[in-house]
Amino acid sequence: MGSKQFDESFWSGFYQADFKPWDIGFAAPSITTYFDQIEDKSICILIPGCGLAYEAEYLFDHGFQNVWIADISHRPLEGFIKRVAGFPRTQLLHSDFFTIEGPYDIIMEQTFFCSLDPSLRANYVQKCHDLLSPGGKIVGLLFNREFDRPGPPFGGKRDEYIGLFSNHFTIKIMEPCYNSIPPRMGHELFIILEKKED
């Protein structure tokens, strides 16, 4: 279902050229701070559009064993497994997000939503809802800004996101992120969105 314009060859080209402007090189502090508060390390976590998956490495190193990472390109997955050799290969998903099956307790959002053509945003919301177990959550970051050049990344604003998610999710938190990395400070929202039951 993914946009043909932003297919596997599109994303793999960035890795082949070693040009990854979205890659901050470490796990986002706002995300690690959230997961540091979770005591139940058996929860099932999906990280779609994971890239080099520094958050997955952090979680795995901190005892979370049920972390699944997915990317439409094989290249970042190969890079990840070289870096985190002990990570279970069965939990690497070389897949289009819209073909993944659940359930998961948490979907971690970190620069995946903004990589999708905006025409797919409603599909993203529905797919997240379908993938999550009862009471499951989307946790992570969304850009709170527009970009002055063609995407990806594609920006957006809080009011737009509220309208997009509110039919399928209870918005627990959608607030300016206080511990963004410096280049993104003031331009991110931290989100916790809890699945509504039909």
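Modeller: The account below begins with the cavities and then turns to the salt bridges and the cores.

This is a predicted model, in which local features need pLDDT of at least 70 and side-chain atom pairs count only at pLDDT 80 or more, while totals for chains, interfaces and linings use all residues. Residues are numbered from 1 along each chain as its sequence is written, and side-chain values use heavy atoms, with hydrogens and water left out.

A cavity is a set of points, on a 1 Å grid over the protein atoms alone, where a 1.4 Å probe fits but cannot get out; its lining residues have an atom within 4 Å of a point. Grid points are joined across faces, edges and corners, and a volume is the space filled by probe spheres set on the points. By this rule there are 2 cavities of 30 Å³ or more.

The largest cavity has a volume of about 60 Å³. Its lining consists of Glu-109, Gln-110, Thr-111, Cys-114, Leu-141, Leu-142, Phe-143, Arg-184 and Glu-188. Strand E5 gives the largest share of this lining, 3 residues; helices (H or I, at least four residues) and strands (E, at least two) are DSSP runs, numbered from the N terminus. By class, the lining of the largest cavity has 4 nonpolar, 2 polar and 3 charged residues. Here Ala, Val, Leu, Ile, Met, Phe, Trp, Tyr, Cys and Pro count as nonpolar, Asp, Glu, Lys and Arg as charged, and the others, Gly among them, as polar.

The second largest cavity has a volume of about 40 Å³. Among the residues lining it are Ile-24, Ala-28, Ser-30, Asn-179, Ser-180 and Ile-181, together with Gln-110, Leu-141, Arg-184 and Glu-188. This lining divides into 4 nonpolar, 4 polar and 2 charged residues.

Arg-184 and Glu-188 also form a salt bridge, with the closest N and O atoms 4.0 Å apart. A salt bridge is a side-chain nitrogen of Lys or Arg within 4 Å of a carboxyl oxygen of Asp or Glu. Arg-184 counts as buried at 11% relative accessibility, and Glu-188 counts as buried at 5%. Buried means under 20% relative accessible area, exposed over 50%, and partly exposed in between (1.4 Å probe, protein chains only).

The whole structure holds 5 salt bridges. In one of these, Glu-194 pairs with Lys-137, the closest N and O atoms being 3.9 Å apart. Glu-194 lies in strand E7 (residues 188–195) and Lys-137 in strand E5 (residues 132–143), so this pair ties together parts that are 57 residues apart in sequence. Glu-194 is partly exposed at 23% relative accessibility, and Lys-137 is partly exposed at 24%. Another salt bridge joins Glu-175 and Arg-158 at 3.5 Å, N to O. That pair links strand E6 (residues 169–176) with helix H6 (residues 158–165), the two residues being 17 residues apart.

As for the cores, the largest nonpolar core has 29 residues, and those with the most contacts inside it are Phe-35, Ile-45, Val-67, Ile-69 and Phe-87. Strands E5 and E7 are among the elements that each supply at least two residues of this core. A nonpolar core is a set of buried Ala, Val, Leu, Ile, Met, Phe, Trp, Tyr and Cys residues joined through side-chain atoms within 4.5 Å.

Definitions and conventions:
On a 1 Å grid over the protein atoms alone, a cavity is a set of points where a 1.4 Å probe fits but cannot get out, and a pocket is an open set with protein on both sides within 12 Å along at least five of seven lines; lining residues have an atom within 4 Å of a point.
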